[in-house]
Amino acid sequence: MSDERSAPRTSSGPRKKRTFQRRKVCRFCADKAVTIDYKDPRTLRYFVSERGKIIPRRISGNCSAHQRQITEAIKRARNLALLPIASPHVMS
Ligand SMILES: [Zn+2]
């Protein structure tokens, strides 16, 4: 049995910088035309994972103000059954 579970990471380059996903600007700040509307699940879906969870801000790249609005909108949309509260079938 080879010990491949603890693979040495010597092959990786000497990257000191943390791999920070290139800073995404909040799309709602960047584009004023895009509005947060709980009646628009297509926009909201972008901020919901496949399992129906809300994407955290540091991943979605939203600013705190808009993230709050997104969260509110998603919760409303859930109540209106526009978004799933949880995925009906988790295939894995
Ligand atoms: Zn914003």
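Which pattern does the chain follow, read along the sequence? Read that way, the pattern is α-α-α-α.

**View 1. The whole chain, a predicted model.** Welcome to the overview: the chain has 4 helices and 0 strands. Of its 92 residues, 12% are buried. Take contacts between residues at least 6 apart in sequence: 64% of them join residues at least 24 apart.

**View 2. The largest nonpolar core has 9 residues.** Here you can pick out Tyr38, Leu44, Phe47, Val48, Ile70, Ala73, Ile74, Ala77 and Leu83. Helix H4, residues 64-79, supplies the largest share of this core, with 4 residues.

**View 3. Leucine 83 and its contacts.** Leu83 belongs to the largest nonpolar core. Setting aside neighbours within four places in sequence, leucine 83 is in contact with Pro41, Leu44, Arg45, Val48, Gly52, Ile74, Ala77 and Arg78.

**View 4. Glycine 52, in the loop between helix H2 and helix H3.** Helix H2 covers 41-45 and helix H3 covers 57-60, with glycine 52 in the loop between them. Is this glycine buried, exposed or partly exposed? Glycine 52 is partly exposed because 16 other C-beta atoms lie within 10 Å, whereas a buried residue would need 20 or more and an exposed one 12 or fewer.

View 5. Glycine 52 and proline 84 are 32 residues apart in sequence, yet their C-alpha atoms are 5.7 Å apart in space.

Notes: Residues are numbered from 1 along each chain as its sequence is written. This is a predicted model: local features need pLDDT of at least 70, side-chain atom pairs count only at pLDDT 80 or more; totals for chains, interfaces and linings use all residues. Helices (H or I, at least four residues) and strands (E, at least two) are DSSP runs, numbered from the N terminus. Two residues are in contact if their C-beta atoms, placed from the backbone, lie within 7 Å. A nonpolar core is a set of buried Ala, Val, Leu, Ile, Met, Phe, Trp, Tyr and Cys residues joined through C-beta atoms within 7 Å.
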